[in-house]
Amino acid sequence: MLLSPVVLLLLGGMVLPMVIMAIASFSGAADYGGVLWGKFSAAAYAQFLFEQDFSDQLVFNSDYLLIFLRSFQLALVTTLGCFLLGFPTALFIASRPIQYRNILLILVSIPFWTNLLVRIYAWIALLRDGGIIEQLLHHLRIITAPSLGLMYTNTATEIGLLYAFLPFMVLPIYASLARLDWRLVDAAHDLGANGWQVLRRIIIPLALPGIISGCTLVFVPALGMYIIPNLLGGSKFLMIGNLVHLQFTNAHNWPFGAALSFVLLGLALLGILMRRVYFIKAGEHTREHA
């Protein structure tokens, strides 16, 4: 009974909309937007890979698949970049004296104090032609070209994704490293291990749960991000979130937009399932050696 309000909230706010979207994805599309309820069809899912030519024959169409592949590439690069930047940051914070850790964590979490949209507009001011970065590089005579051309490219989108999701990598890894017994590191050094061996055989294995959690927290939302590619990438560099938005607005194809949403949901659930399987196997391995 105590859990019933939460259960009702989840059913009404999450499960019911997903059921409606699932039905819409298997329904026909109305002419000017909306859904033809009761007219069931798998055409929306087939449209992901095929299109009809002038003779009403299905032919392979790779346009939407390329957008998904681009989204995967950007999400993977974002995850890898956040790890390469976030792991040393988390390790540095965890190795500081306790009185400095809270200050450093506050500095990491400062971006959460401002709306993401405002922060991305700040990056537009930095990356646009004639922006602050370009003016600084010209002033230092590092570049001589009239324009860097960073805006509305995959590079600009990647910079925005790295900036937005870096704290999501730092905080879970720090949570794992904060519980690390540093006497193990001292013992490894006393036994002749160098810094790389200590990092590879002690620190990284003990921080692995935080690393996996951080990668999941970065990869899944980066895969479906909408605001950043829309503002920094432009119409030529769409990601899955932008494609879904276009189907519900300009294209007026709600079933196809719902189908794309469920394809994205399936990919996200696959990543979460892989994380869950790892933790289950890790727990079984720990119990076997206990």
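Where does Thr-153 lie in the chain? In this predicted model, the place of Thr-153 is in the loop between helix 6 and helix 7, and the residue is buried, with a relative accessible area of 18%, a value that falls under the 20% cut-off for burial. When neighbours within four places in sequence are left aside, the contacts of Thr-153 are with Leu-232, Gly-233 and Phe-237. Tyr-152 lies in the loop between helix 6 (132-139) and helix 7 as well, and the phi of Tyr-152 is near 60°, which is a positive value in a residue other than glycine. Most residues other than glycine have a negative phi. A further case is found at His-252, where phi is positive at about 55° although the residue is not a glycine. His-252 is placed in the loop between helix 11 (240-248) and helix 12 (254-288), and with a relative accessible area of 38% it is partly exposed.

As regards the overall fold, the protein chain comprises 12 helices and four strands, and its C-alpha trace spans about 75 × 65 × 40 Å along the principal axes. Of the 290 residues in the protein chain, 34% are buried. Among the contacts between residues at least 6 apart in sequence, 64% join residues that are at least 24 apart.

The packing of helix 4 (residues 98-109) against helix 7 (residues 154-177) was examined next. The axes of these two helices come within 10 Å and cross at roughly 155°, and because angles over 145 degrees count as roughly antiparallel, helix 4 is roughly antiparallel to helix 7. On the side of helix 4 the contact is made by Arg-101, Leu-105 and Val-108, which meet Pro-167, Val-170, Leu-171 and Tyr-174 in helix 7. By class, the residues of this contact divide into six nonpolar, no polar and one charged. Val-170 can also be related to Leu-85, a residue of helix 3 (residues 63-94); the two are 85 residues apart in sequence, whereas their C-alpha atoms are 8.4 Å apart in space. Leu-85 counts as partly exposed, at 45% relative accessibility.

The largest nonpolar core contains 52 residues, of which Phe-165, Leu-177 and Ile-203 touch the most other members. Helix 3 contributes the largest share of this core, with 11 residues.

With a cut-off of 2.5 Å between cysteine sulfur atoms, the count comes to zero disulfides. Cys-82 is in no disulfide, and the cysteine sulfur nearest to its own, that of Cys-215, is 9.0 Å away. Cys-215 is likewise in no disulfide, with the sulfur of Cys-82 as the nearest cysteine sulfur, at 9.0 Å.

Note on methods: Residues numbered from 1 in each chain as written. Predicted model: local features only at pLDDT ≥ 70, side-chain atom pairs only at ≥ 80, totals over all residues. Heavy atoms only, no water. Axes fitted to C-alpha atoms, helices over the stretch in contact; angles between N-to-C directions. Parallel < 35°, antiparallel > 145°, perpendicular 65-115°, else oblique. Contact = heavy atoms within 4.5 Å. Nonpolar A, V, L, I, M, F, W, Y, C, P; charged D, E, K, R; others polar. Buried < 20%, exposed > 50% of the residue type's maximum accessible area, 1.4 Å probe, protein only. Core = buried A, V, L, I, M, F, W, Y, C linked by side-chain atoms within 4.5 Å.
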